[in-house]
Amino acid sequence: MNAALKKKTEEWMQLERKTLEQRREADIFYQQNLMSLIEKDYQKRNKGKLFEKVDYLIMSVGMSYEPLVLNINLLNPRKILFLYTEKSEKTLDRIVRYCDLEVSRYQKERVTETDPLTLYREIKDSYLKWGKPERIYIDFTGGTKAMATAAAMAGALINVQLIYLGCDDYLEDFRKPNPGTENLFFIDNPISIFGDLE
């Protein structure tokens with residue numbers, strides 16, 4: 001972890017969080033003082049893992065904007081499909097604002113978190129509408145477990161690259177990864193590996 005990121009992380013961790021207002025202030029501090037440092041660190045550590053240009057990126061949106069922002073800015077896809085729920089719509093707004101996404105660069109589809117089939121259908125429909133592109137990734141970091149499972153299953157069946165943002169050190173008390181420990185993971189398609197589809 002670089003010195004600036006370490007210093008700002010320590011400052012953020014020492015902020016009071018007893019009241020709702022204090023928690024809000026800590027969140028603002030994180031966005032204004034840590035996010036750009038985390039993003040630079042994440043890109044530096046994960047850029048070498050990329051092996052191709054990503055044309056299309058499908059993302060399930062949960063309540064945290066940070067992991068999706070990190071992957072959008074790392075992968076820089078041409079087109080993004082956001083799958084969001086009523087509860088995660090504000091998170092989606094935050095992602096679009098933070099990444100300064102032009103309307104032509106993304107589309108969004110509202111899905112039902114209790115019905116993962118809606119998410120699966122949206123992925124399949126977009127995949128077909130886009131002409132079954134080869135360089136399409138599905139990021140199932142965000143959303144509920146049911147959403148992540150449906151996204152991963154859809155990705156396995158249409159045989160596209162699955163990715164996930166994880167971390168080496170999750171701070172339970174702060175409900176965030178320890179800044180500087182975020183990593184991009186490429187998930188192999190188990191259907192391809194074991195030949196089950198054939």
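Predicted model: local features only at pLDDT ≥ 70, side-chain atom pairs only at ≥ 80, totals over all residues.
Me: At what angle do helix H3 and helix H4 pack?
Reply: H3 covers residues 66-75, and H4 covers residues 89-99. Their axes lie 10 Å apart. H3 passes H4 in a right-handed crossing. The packing angle is about 35°.

Me: How many nonpolar residues are in the contact of H3 with H4?
Reply: H3 brings Leu68, Val69, Ile72 and Asn73. H4 brings Ile95, Tyr98 and Cys99. One residue of the contact is polar, and none is charged. The nonpolar count is six.

Me: Is H3 mostly covered or uncovered?
Reply: Its buried residues include Leu68, Val69 and Ile72. Glu66 and Asn71 are buried too. In total, nine of the ten residues in H3 are buried. The helix is mostly covered.

Me: Which residue just after H3 takes a positive phi?
Reply: Look just past the end of the helix, where phi is about 50°. That residue is Asn76.

Me: How far from Cys99 is the nearest cysteine sulfur?
Reply: A disulfide needs two cysteine sulfur atoms within 2.5 Å. Cys99 is in no disulfide. The nearest cysteine sulfur is that of Cys167, and the distance is 19 Å.

Me: Why is Cys99 classed as buried?
Reply: Buried means under 20% relative accessible area. Cys99 is buried because its relative accessible area is 11%.

How values were computed. Residues numbered from 1 in each chain as written. Heavy atoms only, no water. Axes fitted to C-alpha atoms, helices over the stretch in contact; angles between N-to-C directions. Helix = DSSP H or I, 4+ residues; strand = E, 2+ residues; numbered from the N terminus. Left-handed = near helix turned anticlockwise from the far one by under 90°. Contact = heavy atoms within 4.5 Å. Nonpolar A, V, L, I, M, F, W, Y, C, P; charged D, E, K, R; others polar. Buried < 20%, exposed > 50% of the residue type's maximum accessible area, 1.4 Å probe, protein only.
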